[in-house]
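Reader: I am new to this kind of picture. Please take me through some features one at a time, with the general idea before each case.

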Amino acid sequence: MTFNQPLGGNDMPRMGGPATMMRLPSQATAEGLDACFVGIPMDIGTSNRSGTRLGPRQIRDESRMIRPYNMATRAAPFDALQVADIGDVPINTFDLKKSVDIITDTYRTILSHGAIPLTLGGDHTLTWPILRAIRDKHGPVALIHVDAHSDTNEAMFGETVAHGCPFRRAHEDGCLIDDKVYQIGLRGSGYSPDDFDWGRDKGWTVVPAEDCWHRSLAPLMDRIRTEIGDAPVYLSYDIDSLDPAFAPGTGTVEVGGLTTIQGLEIIRGCGGLNLVGCDLVEVSPPYDTSGNTAVIAANYLFEMLCVLPGVHASAQTQDRE
């Protein structure tokens with residue numbers, strides 16, 4: 001079998017070639033794929049600064065420098081998986097609730113082909129409809145949710161569908177294994193303790209950003225892997241989990257966030273888990289003139305690809321003092 005490969009920089013200058021994730025081949029569906037990159041250009045669920053509808057396009061653009069081999073973990077995903085970019089979900093720009101159903105239907109089709117979706121977002125509302133499709137395929141799943149916010153609001157401006165509500169809706173829809181839900185990096189101000197305690201009351205593990213300061217998150221991920229075991233797991237990574245010093249291009253920045261290194265530790269720490277889907281959300285290019293937020297997002301999506309089932313990796317490349 002011949003696996004798709006990203007277009008190399010010696011075959012086509014990095015500023016040229018297809019405008020796909022990592023300059024991979026594109027195709028219309030997930031048929032025949034083990035994993036696929038798919039964009040959801042949506043920000044109609046956003047409560048503050050809009051612009052995440054432009055996120056998938058800029059993530060793809062800034063992915064052009066990523067090479068196919070992971071030097072740190074020795075993962076070579078394109079030697080083990082058939083991967084392509086299947087384009088964007090055709091959401092309804094003027095109707096969030098219709099868009100939610102469009103997303104669920106689209107992901108049911110993706111999953112019917114046996115492909116693992118890696119999603120470029122797009123505001124965080126999108127994770128709920130994806131999880132509905134994941135539930136229909138795999139049953140309730142474990143969740144690793146990296147974010148500055150818990151996204152468990154009952155409603156925003158009276159609406160139950162918004163980017164601050166997806167994980168409450170996912171819980172209500174039976175999408176989650178409650179004793180295997182982990183929220184990492186939560187911080188900032190709130191309205192009451194219930195902003196973070198709602199999940200704790202359901203049995204979720206909440207790791208505030210302050211508990212992550214000045215330390216490696218590898219031990220945390222060791223514990224999480226042990227507790228999740230063989231259960232199917234979904235990884236949802238909100239770029240605002242990072243401190244705005246690293247990722248200013250997002251709509252709801254909060255000070256005191258994770259570092260890019262800690263983000264890598266979390267994603268690489270998912271290696272060995274039964275990952276059934278991942279997303280990287282809330283990239284808002286208008287608020288980052290350097291493009292660095294999208295650069296980080298693109299690299300994190302590559303790291304997610306590197307830890308999918310079927311990809312061999314060994315982080316112990318050398319002794320580090």
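Reader: Let me start with two tyrosines: are Y237 and Y300 buried or exposed?

Author: Burial is read from relative accessible area: under 20% is buried, over 50% is exposed, and values in between are partly exposed, using a 1.4 Å probe and protein chains only. Here, Y237 and Y300 are both buried. Bear in mind that this is a predicted model, in which local features need pLDDT of at least 70, side-chain atom pairs count only at pLDDT 80 or more, and totals for chains, interfaces and linings use all residues. Residues are numbered from 1 along each chain as its sequence is written, and side-chain values use heavy atoms, with hydrogens and water left out.

Reader: How many aromatic pairs does the structure hold?

Author: A pair of aromatic rings is described by the distance of the centres and the angle of the planes. Rings of Phe, Tyr and Trp (its six-membered ring) pair if their centres lie within 6.5 Å; planes under 30 degrees apart are stacked, over 60 edge-to-face, and the rest tilted. This structure has two such pairs. One of them joins W198 to W204, edge-to-face, with 5.5 Å centre to centre and 85° between the planes. W198 counts as buried because its relative accessibility is 9%, and W204 counts as buried because its value is 4%.

Reader: Which parts does the pair of Y237 and Y300 tie together?

Author: Helices and strands are DSSP runs (H or I, at least four residues, for helices; E, at least two, for strands), numbered from the N terminus. Y237 belongs to strand β7 (residues 232-238) and Y300 to helix α8 (residues 292-306), so their pairing ties together parts 63 residues apart in sequence.

Reader: Where does a charge sit over a ring?

Author: The test is that NZ of Lys or CZ of Arg is within 6 Å of the ring centre and within 35 degrees of the ring normal. The charged end of R49 meets it over the ring of Y287, 4.0 Å from the centre. R132 also lies over a ring face, that of W128, at 4.7 Å from the ring centre.

Reader: At what angle do α1 and α8 pack?

Author: Axes are lines fitted to C-alpha atoms, for helices over the stretch in contact, and angles run from 0 to 180 degrees between N-to-C directions. Helix α1 (residues 55-62) packs with α8 at about 75°, their axes 8 Å apart. Therefore α1 is roughly perpendicular to α8 (65 to 115 degrees; under 35 is roughly parallel, over 145 roughly antiparallel, the rest oblique). Contact means heavy atoms within 4.5 Å, and here Q58, I59 and E62 of α1 meet A294, V295, A297, A298 and L301 of α8.

Reader: Which residues does D243 contact?

Author: D243 sits in the loop between β7 and α7 (260-268) and is buried because its relative accessible area is 16%. Leaving aside neighbours within four places in sequence, D243 contacts R187, V255, G256, G257 and L258. D243 and G185 are 58 residues apart in sequence, with 9.8 Å between their C-alpha atoms.

Reader: And where is P41?

Author: P41 is in the loop between β1 and α1, partly exposed because its relative accessibility is 23%. Setting aside neighbours within four places in sequence, P41 touches R53, P56, D88, V89 and I91.
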